[in-house]
Amino acid sequence: MKRIIPVLIALVSAFGQLLFAQQDWIRTGTNLGVERVRLAVADFKPGGADPKTTEFLKVFNDTLASDLDNAGIFDIVSKSFQPLKVPGTPQEMQLEAWGNPPVNAAMVAFGNFGVSGSDVAMQGWLFDVKNPGSPQVLGKQYRDPASAQNARTQAHRFANEIIFRLGGGIPGIAESKIFFVSDRTGHKEIWEMDYDGANQRALTNLDTISLSPKAAPDSTRVVFSAFAKHGLELHMYSRELQRLVSFPRYGGTNVSPAWSPDGSKIAFSSSMKGDSDIYVIDASGANPRRLTSSKGPDVSPVWNPKTGEQIAFVSGRSGLPQIYVMAADGTNAQRVTDTGYAVSPAWSPNGQFLLFSWMRKYGPGAPGAQDIYIMDIASRQWVQLTHDAGRNDFPSWSPDGRHVIFQSTRSGQDEIWTMLADGTRQRPLTSAGKNTQPNWRLK
Amino acid sequence: MAAAGNIYFERDDWRGSLLWSATAHAIFFGGIFIYAAILGGMHAENWGGTTTGGGAMSATLVTSAAIPLPAPDIQTEQVLSNQSKGLTQSLAPEVQPPAPEEIPIPDRTKTKPKHKQQTSITPPRVPPPDDNRVPYGEGGPVTTPYSMVNLSGSQGGLAFNQGGDFGSRYAWYVNVVRQKVSDNWRRYEIDPSIPSAPRVYITFEITRSGEPQNVQVAQSSGIPSLDISAVRALQRIDTFGPLPPDYSGGRVSVEFWFEYKK
C-alpha cells in the first residue's frame with residue numbers, strides 16, 4: 001500500500017495539470033476585451049397622425065434596433081425589460097426608470113418619428129443614463145421624402161452616429177454595401193446588397209461566368225474577372241454610369257483583382273507570360289508590372305489597407321498553397337502559414353490582422369475542415385473563427401474592422417454569412433441560389 | 001510417503017528449467033529493449049520534432065492572441081436570469097481583490113456566525129433561504145467607476161488632467177478612451193516570465209479630432225516590456241473619435257495607468 005501512494009500522487013497531480021490546462025483555454029476564450037456598453041434602444045414614439053406613420057415607424061424601429069445590435073460593441077437591453085412609458089422627447093425622459101434594474105442601461109437611444117405632409121421626419125437622442133448632470137451625448141434630426149427606403153436610411157444614419165460616438169471614432173457600417181457573385185439567375189453574375197442582406201440586386205447581366213468582384217475604395221467602380229473570348233479577363237463596372245467600361249485585355253487567365261488602398265492601382269494574378277504570377281496595373285488598366293516570378297502559381301493578392309506598402313498573396317511555390325506577405329514592389333516575400341492548405345487572404349482595415357481560409361490537415365487520410373482563421377501579422381499568432389460547420393472560404397473584412405463576411409456551405413450550399421471578427425454571432429445573409437466571394441465596402 | 005518423496009524430487013527438477021526460462025526471457029526482453037533503444041531511433045520520428053514543416057511561423061496557443069473585438073470580459077448575469085422570479089438564480093458575483101489603497105467597507109449584510117446551539121433541545125433555527133431572492137439587477141451595468149479597466153486580472157485606469165470637469169461631463173467619452181486603449185493592449189508583448197508588475201503611467205493628449213499625441217511614459221514600471229507594450233497600445237490607435245462637439249477646449253490630457261498581473 002505504501003508503494004501505491006506515490007503513484008496515486010503522481011496520477012492526481014497529472015490529472016490536476018490537465019484540469020489546469022483546460023481551465024486556461026476556457027479563460028482565454030472569453031477574455032478578449034472589456035465589458036460592452038449596455039444600450040437600451042427605445043421604440044421611437046409616433047409623431048403625427050398620418051396613417052403611413054405606423055408602417056414606416058415599424059421599418060425605422062426594426063432597422064435601428066438591428067443596426068445597433070449588429071454593431072458588436074453594445075450589450076442591447078431586451079425590449080421586454082424596457083419601461084412601459086416610452087419617451088419621445090428629452091422632457092419625457094425619466095433616467096431613473098432606465099438606469100435602475102431590470103433595464104440597467106448605461107445609454108438609451110430614443111426619439112420620435114412621423115410622417116408630416118410628404119416627408120418623414122425623425123428626432124433622435126442618445127442619453128448617458130449614469131450621468132444625470134449632463135445626460136445628452138447626441139441629438140439628431142432628419143427630414144426626407146416619405147418612403148420606406150428613407151425610413152431605413154434615417155435609421156441607418158442615426159445608428160451610424162451612435163456607433164461613431166461610442167465606438168471610438170470608427171464610422172458605422174449601417175450604410176455599407178456588399179458585392180458578391182450569385183448564380184440565382186442561372187449564370188454567375190455580380191450582385192450587390194446592403195450590409196444586412198436587404199436590397200439585393202444584380203449589377204451585371206453578361207450570361208457568362210463572373211468572379212471575384214472587388215469594389216474600389218471609393219466604391220465608384222467594381223473590378224471583376226469574367227470569361228471573355230479567350231479566357232478569364234478583368235472587367236470594370238462603373239456604379240456611376242451603371243454599365244461596364246472598357247478595360248484592356250492581357251491574354252492568359254486573369255483572376256483575383258484587388259485595389260490598392262488609394263484606389264490608384266490594381267493587383268491581380270495573370271498567366272499572360274505563361275506562369276501564373278502577381279501583376280500590378282494602374283486603375284485604368286495600363287502599365288502591367290510583374291511582381292513575382294517564382295515557380296508555381298501566385299494568386300489572390302491583397303494590399304495592406306493601412307499602409308499600402310505590403311501585399312499578401314497565395315503561392316504554390318512550396319507545394320500546397322500557403323499565404324505569403326511581400327513588399328508592394330515584390331521583394332522580401334515571407335511565408336506566414338506553416339502547414340496545410342491556406343487560401344483567400346484578407347487584410348484588416350487597421351493592417352494588423354490577416355483573415356484566411358485554412359485546411360490545416362490536408363491530404364489523403366487527413367480529413368481537415370476548411371475554416372476561417374485570423375492571424376496577428378506581427379506575432380504570427382492565429383485563432384480559428386469557425387468550427388465544425390461546412391466549408392468556409394473567401395473571408396472579407398467590414399470597413400470598421402469589427403465584422404467578417406464569408407461564404408460557407410453549412411446550410412447545404414454556398415451562401416454568404418456574417419459574423420463578428422471574434423467568431424461570434426454567425427448568421428446568413430443570403431438564401432437564394434449559390435452566393436459566393438463577398439467583398440465589403442463602406443458605401 | 002513415497003509419493004511425497006517424488007514431489008520433492010520433481011521440485012528439484014524445476015529449478016533448472018526455471019533458470020533456463022528466466023535466462024531465455026531476459027535475453028528476449030533485453031533484445032527488444034536494445035532493438036528499440038538503438039535501432040528504433042533510426043527510422044522513428046521524434047515526437048514534437050522539427051520535421052513537421054517549415055519554420056516560418058510558430059504555432060501558438062489561443063491564449064494570448066488578441067482580437068480587436070471586445071467580447072464581454074465578465075459575463076453579467078442580469079440579461080437572462082431576471083425574468084422569472086425564483087426559477088433561475090444568479091451566480092455569485094466574483095469578488096475582486098481590493099486595490100491596496102482602498103479601505104475595506106465593513107460588510108453589514110454578512111450573517112453573524114451562529115452560536116453553538118447543537119446541545120440545546122430546541123431545533124436549530126433554519127436561516128431564511130436566500131435562494132428565493134429575486135435576482136434583479138445583480139451584476140449590474142457598470143460596477144467599477146468609469147475610469148477603471150479590468151483585463152483578465154490586469155488593471156488599468158485613467159484620469160483626465162485638463163479640461164476641468166471633462167471626466168464628469170463626458171463620462172461616455174472617457175469610457176470610449178478606456179475601452180479603446182484596453183482593446184489595443186497586447187498582453188503577449190509583455191515578458192512572460194513576469195508574474196506581476198507595478199503600475200506604469202502613460203500620459204498623452206487627445207486632439208480636437210480625437211487623435212492621441214505626445215504619448216510618453218510618465219512613470220516607468222521598471223519592466224521595459226510592460227512600458228513598451230503600454231506605449232504601443234496608444235500608438236496603435238488612430239483616433240478615439242472627435243471630442244464632444246460642445247466641449248470648448250482644444251485638447252485634453254490623459255493619464256492612463258497599466259497594471260499587469262498574470
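Okay, a definition to start: helices (H or I, at least four residues) and strands (E, at least two) are DSSP runs, numbered from the N terminus. With that in hand, A:Pro102 sits in the loop between helix 3 (95–99) and strand 4 of chain A. A cis peptide bond joins A:Pro101 and A:Pro102, with omega at about 5°.

Some housekeeping. This is a predicted model, where local features need pLDDT of at least 70 and side-chain atom pairs count only at pLDDT 80 or more, while totals for chains, interfaces and linings use all residues. Residues are numbered from 1 along each chain as its sequence is written, chains are lettered from A and ligands numbered from 1 in the order in which they are written, and side-chain values use heavy atoms, with hydrogens and water left out.

Now the two chains. Chain A has 4 helices and 30 strands, and its C-alpha atoms fill a box of roughly 85 × 70 × 40 Å along the principal axes. Of its 443 residues, 53% are buried; buried means under 20% relative accessible area, exposed over 50%, and partly exposed in between, using a 1.4 Å probe and protein chains only. Chain B comes to 5 helices and 5 strands, running α-α-β-β-α-α-β-β-α-β from the N terminus. In chain B, 34% of the 262 residues count as buried.

How about contacts, meaning heavy atoms within 4.5 Å? Take the ones in chain A with a sequence separation of 6 or more: residues 24 or more positions apart account for 42% of them. For chain B, among contacts between residues at least 6 apart, 76% join residues at least 24 apart.

On to the cores. A nonpolar core here is a set of buried Ala, Val, Leu, Ile, Met, Phe, Trp, Tyr and Cys residues joined through side-chain atoms within 4.5 Å. Which residues have the most contacts inside the largest one? They are A:Phe74 and B:Phe258, in a core of 60 residues. Helix 4 of chain A (residues 148–166) gives the largest share of this core, 7 residues. A second, separate core has 16 residues, including A:Trp347 and A:Met375.

Back to A:Phe74 for a moment. Leaving aside neighbours within four places in sequence, A:Phe74 touches A:Arg36, A:Val37, A:Leu39, A:Leu68, A:Ile162, A:Ile163 and A:Leu166. A:Val77 is in the loop between strand 3 (74–76) and helix 3 of chain A, and A:Val77 is buried at a relative accessible area of 2%.

Next, rings. Rings of Phe, Tyr and Trp (its six-membered ring) pair if their centres lie within 6.5 Å; planes under 30 degrees apart count as stacked, over 60 as edge-to-face and the rest as tilted. Over all chains there are 20 aromatic pairs. Take A:Phe110 and A:Phe127: the ring centres are 5.1 Å apart and the planes are at 85°, so this pair is edge-to-face. A:Phe110 is in strand 4 (residues 107–116) and A:Phe127 in strand 5 (residues 119–128), both of chain A, 17 residues apart. Both A:Phe110 and A:Phe127 are buried. There's also a cluster, with ring pairs linking A:Phe44, A:Phe60, A:Phe113 and A:Phe158.

Then charges over rings, where NZ of Lys or CZ of Arg must be within 6 Å of the ring centre and within 35 degrees of the ring normal. A:Arg184 lies over the face of A:Trp191, 4.2 Å from the ring centre. In chain B, B:Arg199 lies over the face of B:Trp257, at 3.5 Å.

A:Ser212 counts as buried at 11% relative accessibility. A:Arg380 also has a positive phi, about 60°, without being a glycine. You'll find A:Arg380 in the loop between strand 24 (370–376) and strand 25 (381–384) of chain A, and at 18% relative accessibility A:Arg380 counts as buried.

Terms used: Contact = heavy atoms within 4.5 Å.
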